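Subject: Structure handover

Dear colleague,

Please find the structure below, followed by an account of what was found in it.

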Amino acid sequence: MATSVVTGSGNLHFGLSFSTGKCHRQISWVSPVTLKRFMRTDLSRGCGVSSFLQVEEHNSYISLFGNKSSLVRNVTQSCLEDNSATKYFDFIIIGSGVAGLRYALEVSRHGSVAVITKAEPHESNTNYAQGGVSAVLCPLDSVENHMRDTIVAGAYLCDEETVKIVCSEGPDRVRELIAMGASFDQGDDGNLHLAKEGGHSHNRIVHAADMTGREIERALLKAVDDDPQIFMFEHHFAIDLLTTEDGSETHCHGVDTLNTETQQVVRFVSKVTLLASGGAGHIYPMTTNPPVSTGDGIAMAHRANAVISNMEFVQFHPTALADEGLPIKPKKTRENAFLITEAVRGDGGILYNQAMERFMPHYDDRAELAPRDVVARSIDDQLKLRKEKYVLLDISHKPRDEILSHFPNIAAECLKYGLDITCAPVPVVPAAHYMCGGVRAGLNGETNIKGLYVAGEVACTGLHGANRLASNSLLEALVFAQRAVQPSIDHLAQSKIDLGISKTWSRPSLPLLLESDLLEDIVGMTRETRKQLQSIMWEFVGIVRSTSRLKTAEWRIGQLEAKWEDYLFRRGWEPSMVGLEACELRNLICCAKLVLSSALARQESRGLHFTVDFPHLEESKRQPTVIFPCSPMKVTWSSQQVHRHLHC
């Protein structure tokens, strides 16, 4: 992968020009205001919005109106259930977390909607979010306070206009969730119980005990299930976006997917695509993210020529459950670490080393309520100084009933392994948690690719800067899901689906001709390569970094990728072939390289990016890191789209 990583006093204006069959990228520095204007889609609003679904079947097309339970299901025998068919929708949403579902419920009023999800609909980072949603809902609080806390936590790298929008619009988004049936905890006075977490100056966290994300997901999925215009496609792994080039512009027309239950390739064509696929936590071996978080959206967007920003800022949650410190060890290794929410420290939890010495006041005046990057580095330092594998988080000094009412999920999980958190401390260790970087988005979720919008963790909106403030992620997802709606509707109104466009690209193929024992060998090699990649990232691109270690990681990952690709292709695998584990690994490799490129470009320590070679914050370097694709000298499988363009 050849990328240009640029930091400077302004923002990037990016464009494409074509000559003699080669792609040349032109760069010029423009002001932040100009960039905002450039990123916003200037589309005239129109009526006459399409509200039907078209399905390709045997060279004929069927228009389906309204009720999905009757009209649509009458033709599923030959259309929707024929997974080799091309499916046409007005809107396609990749991801079923809070961003994707909230957006789906809004745009379904204007057309047919397909929600494509990698596993079951509830399996997303939203479902695992314990803490809550931060919003100004108390008279003693203010938007200005929330903005200040966000910017301080983000090490002053946040986009202030974005911060103001999210903090101002957030309260209405929370009220909408309540109106839809989401149930949040209330205090004795009947009002919402607002918790406080690290980095927040006021109580502003709306929560449902320690299972807030699960409650939000439940309410949204119920509303989606009741909506006749929304169609859920489970177990569909998104392979690559379908794009075309028109002069200097890239256009998105949908996505190719792999139905992992039937092992068939399914093509979705649409006028508008929302990418809400989450982050890339599994580039590390220890992560709080569910197994589906393999960076698919970021990697797909990068291969499609989307601009990527701030990938060096990987947030490590300070307190994941350390299995080694439990009285009863888990019988098998977890696929993802169990999160001990920020709210435990916000509720008075204290961090100790194994000698029961409280250490956070030695690192920061805010002690346990310091921002996550500070707490994670402090724990990392303690572990290295003392050569220990975990520290202890103690909430047992609080009343038993209060602990059990606030943290029932954590209490139940720990009790499975012989630990009662009401009378003993919890062993914790940092784990990869959240990508503050991602696909660069404008103020309405728009990208530099026409027809492609982003929301949630896959996006880099500028809200989080160099470090996400606790409980701002669900808030950002809600706000940008809503803000992307009107531009999407406007784009829909002036777009037409060419029913023959599906033939623009070759179809990804399945390794059907490879013998089963050969496929088993390829899967085995792929799994081993994935573990090696994760190990390199954990050892060399973790909480504390150095230039030499980053360069070592860059070289080793390059060698690892080359060895893996050579193994695949010498055994008959072709670049057009797809399989779940192979495609996940190509996405993980792509994202790992994006993180490395960004980290090497930032020669200062800011927020989540701490390097011993440049330990201080430099005001002159207070700009986003921007990665835009250019003509690569060496194309690897992770950097190119699976399909080929058949028509230009």
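At what angle do helix H8 and helix H18 pack, and how far apart are their axes? This is a predicted model, in which local features need pLDDT of at least 70 and side-chain atom pairs count only at pLDDT 80 or more, while totals for chains, interfaces and linings use all residues. Residues are numbered from 1 along each chain as its sequence is written, and side-chain values use heavy atoms, without hydrogens and water.

Helix H8 (residues 296-303) and helix H18 (residues 580-601) pack at about 75 degrees, their axes being 8 Å apart; axes are lines fitted to C-alpha atoms over the stretch in contact, and angles run from 0 to 180 degrees between N-to-C directions. H8 and H18 are therefore roughly perpendicular (65 to 115 degrees). In the contact (heavy atoms within 4.5 Å), H8 contributes Asp296, Ile298, Ala299, His302 and Arg303, and H18 contributes Glu584, Arg586, Asn587, Cys590, Cys591 and Leu594. These comprise 5 nonpolar, 2 polar and 4 charged residues.

There are 5 cavities of 30 Å³ or more (a cavity is a set of points on a 1 Å grid over the protein atoms alone where a 1.4 Å probe fits but cannot get out; lining residues have an atom within 4 Å of a point). The second largest cavity holds about 60 Å³, a volume being the space filled by probe spheres set on the points. Its lining consists of Val314, Phe316, Arg372, Asp373, Ala376, Arg377, Ile543 and Leu608. H11 supplies the largest share of that lining, 4 residues.

Kind regards

Conventions
On a 1 Å grid over the protein atoms alone, a cavity is a set of points where a 1.4 Å probe fits but cannot get out, and a pocket is an open set with protein on both sides within 12 Å along at least five of seven lines; lining residues have an atom within 4 Å of a point. Helices (H or I, at least four residues) and strands (E, at least two) are DSSP runs, numbered from the N terminus. Angles under 35 degrees count as roughly parallel, over 145 as roughly antiparallel, 65 to 115 as roughly perpendicular and the rest as oblique. Ala, Val, Leu, Ile, Met, Phe, Trp, Tyr, Cys and Pro count as nonpolar, Asp, Glu, Lys and Arg as charged, and the others, Gly among them, as polar.
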